[in-house]
Amino acid sequence: MTAIPDPATRTRFAIFRGPRVRKFMRHRLAMIGLLTIIFLTLACFFGPYLLPYDELYIDLRARFSPPLTGSHILGTDPLGRDIAARLFSAGQISLTVGFTAMVLSTLIGTVIGVVAGYFGGWSRIGLMRIVDAFLSFPSIFLMLTLAAFLKPSPTMITLIIAVTSWMEVARIVEAEVRGQSSRDFTAAARMVGAPHWWIMGREILPNVIGPIIVAATLTVARAILLEAYISFLGYGIQPPLPSWGNMLNNAQQYLDSAPWLAIVPGVAITLAVTSFNFIGDGLRDALDARSVQ
Amino acid sequence: MTDPVLSVRDLRIRFRSGGRETQVVHGVDFDIRGGETLALVGESGSGKSVTSFALMRLLPEAPRCTIEGSVSMGGVNLLELSERRMAQVRGPRIAMIFQEPLTSLNPVHRVGDQIAEAIRFHRKMSKADIRARVIELLTLVGIPDPARRMHAYPGEMSGGMRQRVVIAMALALEPDLLIADEPTTALDVTVQAQILELLRQIQRATNMAMLFITHDFGVVAEIAERVMVMYAGRIVEQGSLADVLSNPRMPYTRGLLASVPRFEDAGLKTGPLGTIEGFVPSPDNLPAGCSFHPRCPHARPGICDGALPELAAHGAGAHLVRCARSDEPAFGAEPAEVS
Amino acid sequence: MSTLIETIDLKQHYPIRQGLLGRPSATVRAVDGINLRIQRGEVLGLVGESGSGKSTFGRTLMMMEQPTSGSVLYNGVELAGRSHTALHPYRRRMQMVFQDPFSSLNPRMTVEDSLTMPLRFHQPALSARQRRDEAAETLERVGLPRSMISRYPHEFSGGQRQRIGIARALMVKPEFIVADEPVSALDVSVQAQVLNLFSSIRETLGLTILFVTHDLAVVGHIADRVAVMYLGQVMEIAPTRALFTSPRHPYTETLLSAAPQPAVGARRQRIAMKGEPPSPLAPPSGCVFRTRCAHAQAECAVARPVLRPRGPGHLSACIRDDLSLVPGVAEARPDQARKRMS
């Protein structure tokens, strides 16, 4: 059925054109957020090439050196490792975990939301009760339990975060899809005998992509925060692999003597999380169906 | 003749959005007298609803919207009143009812309380008196068992009953003028007939003036004494019901009337309906001269695309027509191309 | 003329549930036992007020949902109870035009995508180019230029969108179209254009149309026969002229007298309806109209009246033969009517 080059694919991304983009660009905080994220990502992935030390190099003579002294821009940790190098490679892991967890949870949430919203009836009742059950379970507790039993690799942490954060997306998508399903163009498609997967994927999904993108952006922020949480508590990414969360963990006991150990990763987490939240707000305004004809 | 209840002169309305200004009403004049119903007819985009909102001062504030001209009631120009003074005019002087009764009713309050609220805001009356007045009003608008129904919530009533409640609310302070903006469009025909009958009765009893906004010439014939037809922000024809419906002189009015399927021809297969070619022009880009000329089957170059025709008297009476050719003897005798 | 579609005692009931797993506490009888034949090539008007079940009837005919009971025979073949797949061959024979031109087109699809969509499922052998050509041709047939094919719905006016909706229905070359209030959301002058379009495609394509509307004047213009519905049941069916000039059911009389007419001196005596509309959850016994009928008698409550012949092709579900009802239109001389058209 899709052997012929398909003109419909072009339209699915029509949302990225014209007035919506302009509207997003006018949202100052969202633009600042976007630039910050781009900067953070570039820094984390390319920054290490510019630094004289890698994240595992131990410079015993320079233990506890404060930021901006000597050759260590952001100072060193108790073992004399370069904090800038650790921050960047930790960022690679934290951002990747956050982003991947977002993709997974958005996929899960979208599939469940679309199916529940489109079919309605018993499938809706069943699926949405599952969502409620997941939501009513304290997710931090669930995560810590899972993390305690499973080997805490970055992949495992990503999966755990994804499994505990798809419900929001599912709820949003379900409500949106239910609204679209009652519109006549869906009925028209059904009436020419279009199969369900086609109606869900081609007719309805493009109309709910806006809310999904917004939810996904906010999910990244949440996932980064969650990763920091569990790593901070010691159940997440395990040293010597650095992550923003376990850097904070290591910094605990030196809060008085070497506060920069906590401040540097703390600022990185705050920057990343607020930036994603700002982008989410900006997208919400820009993609709001009522705001643009 | 009595003085008009409402006198509108050279009403101009402009909207500003995104740095661009668009004029949607271009100098509208009319009077309404007590006990009279004036119908304002037009299609969507004609400016008829904006006009009625301007009379009630319900449009956004400047700079988003600029209103010029005068809207006088009892010697006072409503456009110059402060918002506080205007709030005292809405209700006792002018009231308005809308197409969708649900928008004027708060779903979480009982209908009786909502009417009482409207009275309490303007009149000092005892609780018992207000209650008696509410029951009186609900009886007036034909709601059965009003003492019980006043405790109902809007959601518990049918569309027709809700519109009756809205009318009762509008009549609560005995306004001099009622603006009715498509009040029956959302209702079934049988309910519409009842509401129109109700409005006629009330008007007979109270000598209230009514500005009735609609797109439906059938409803116009039911309720109005005088008719104004609006097109692209201007009145294009105005006159008595008989002038406009039986002897329309403006080609736009004729086109509209020809496009309505006629009851008497039901089932006779009388061939295609008359249509008006083209589209209502965008208010940003009105054609020169007569705004209707690009769509008009009678348009003549040099006559219709030059100067804007005046809204001029046709014949002896008060029949006004904005058409450069309406007085030509041959006009109307020539067959308009039926499309 | 032969029968294209026939319904036998067609019912569409909706249970009202309360709470999550609540048992049905009541039933809305949206369509309650309709026997109707639609002849090949005719336009059957279906009029009724809100809650009459006219739209539900149209949607059930289209098999958008399975009826609760009863039959829908298409060319003598039973459609009720058929699965999605078993209905597929019939989908291209019957299509629907919707009321709301803003919700009936997918805002994220170009006109081309919307129009070619039906062909994907009914003529998968066609190439993309062939589908595009078909779409462009159909677009011209409904009076829109080919060049508009790559535009999005928001670039069109309500009337143009309705034309696109009609074009989409025509893409699979159906024999039968259900038009559900297709002109009621449109301005008067645009409404006339769309009605003319319906008349012309009906003639050139030999379509059979069920035209669902609340507007008697519209139905009088377009329909060959008219069926009047009230609370899920058909009250009267007659050739259009006969229904307007000699209604045989008090409900039809009421509807005709309530319809506003754009002519001076058209204000007529109303035939008032008593009381308030009954709840569709608890329709009156016997004749469903009796609680509002000016001519109701004790017998009206006893049994549900059946449609009985009252003239050539004229059926009415009223037990009283002795009524002389007020016509909507006096029998006019046809020459007069013709003169007005010129």
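Tutor: Buried area is the accessible area, taken with a 1.4 Å probe, that two parts lose on being put together, summed over both. Please bear in mind that this is a predicted model.

Student: What share of the area buried between chain C and chain A comes from carbon and sulfur atoms?

Tutor: The contact between these chains involves 34 residues of chain C and 32 residues of chain A. Together the two chains bury about 2900 Å². The part of this area given by carbon and sulfur atoms is 59%.

Student: Which residues of chain C lose the most area to chain A?

Tutor: Three residues stand out on the chain C side, and together they account for 24% of what that side buries. They are C:Arg108, C:Arg120 and C:Phe121.

Student: How far apart are the closest C-alpha atoms of chain A and chain B?

Tutor: Two pairs of chains touch, and the most contacts are between chains B and C. Chain A and chain B, by contrast, are joined by no contact. Their closest C-alpha atoms are separated by 12 Å.

Student: Why do the buried residues of H1(B) line one face of the helix?

Tutor: Helix H1 of chain B spans residues 48–55, and its buried residues are B:Lys48, B:Thr51, B:Ser52, B:Ala54 and B:Leu55. Seen down the helix axis, the buried residues of H1(B) line one face because they fall within an arc of 155°.

Student: Which residues lie closest to the centre of the largest cavity?

Tutor: The whole structure holds six cavities of 30 Å³ or more, and the largest has a volume of about 80 Å³. Its lining of 14 residues divides into 10 nonpolar, two polar and two charged. Closest to the centre are C:Pro250, C:Cys287, C:Cys293, C:Cys300 and C:Cys318.

Student: Which residues lie nearest the centre of the second largest cavity?

Tutor: The volume of the second largest cavity is about 70 Å³. Its 13 lining residues comprise nine nonpolar, two polar and two charged. Nearest its centre lie B:Pro251, B:Cys290, B:Cys296, B:Cys304 and B:Cys323.

Key
Residues numbered from 1 in each chain as written. Chains lettered and ligands numbered in written order. Predicted model: local features only at pLDDT ≥ 70, side-chain atom pairs only at ≥ 80, totals over all residues. Heavy atoms only, no water. 1 Å grid on protein atoms, 1.4 Å probe; cavity = no way out; pocket = protein on both sides within 12 Å on 5 of 7 lines; lining within 4 Å. Points joined across faces, edges and corners; volume = space filled by probe spheres on them. Nonpolar A, V, L, I, M, F, W, Y, C, P; charged D, E, K, R; others polar. Buried < 20%, exposed > 50% of the residue type's maximum accessible area, 1.4 Å probe, protein only. Helix = DSSP H or I, 4+ residues; strand = E, 2+ residues; numbered from the N terminus. Arc of directions from axis to C-beta. Contact = heavy atoms within 4.5 Å.
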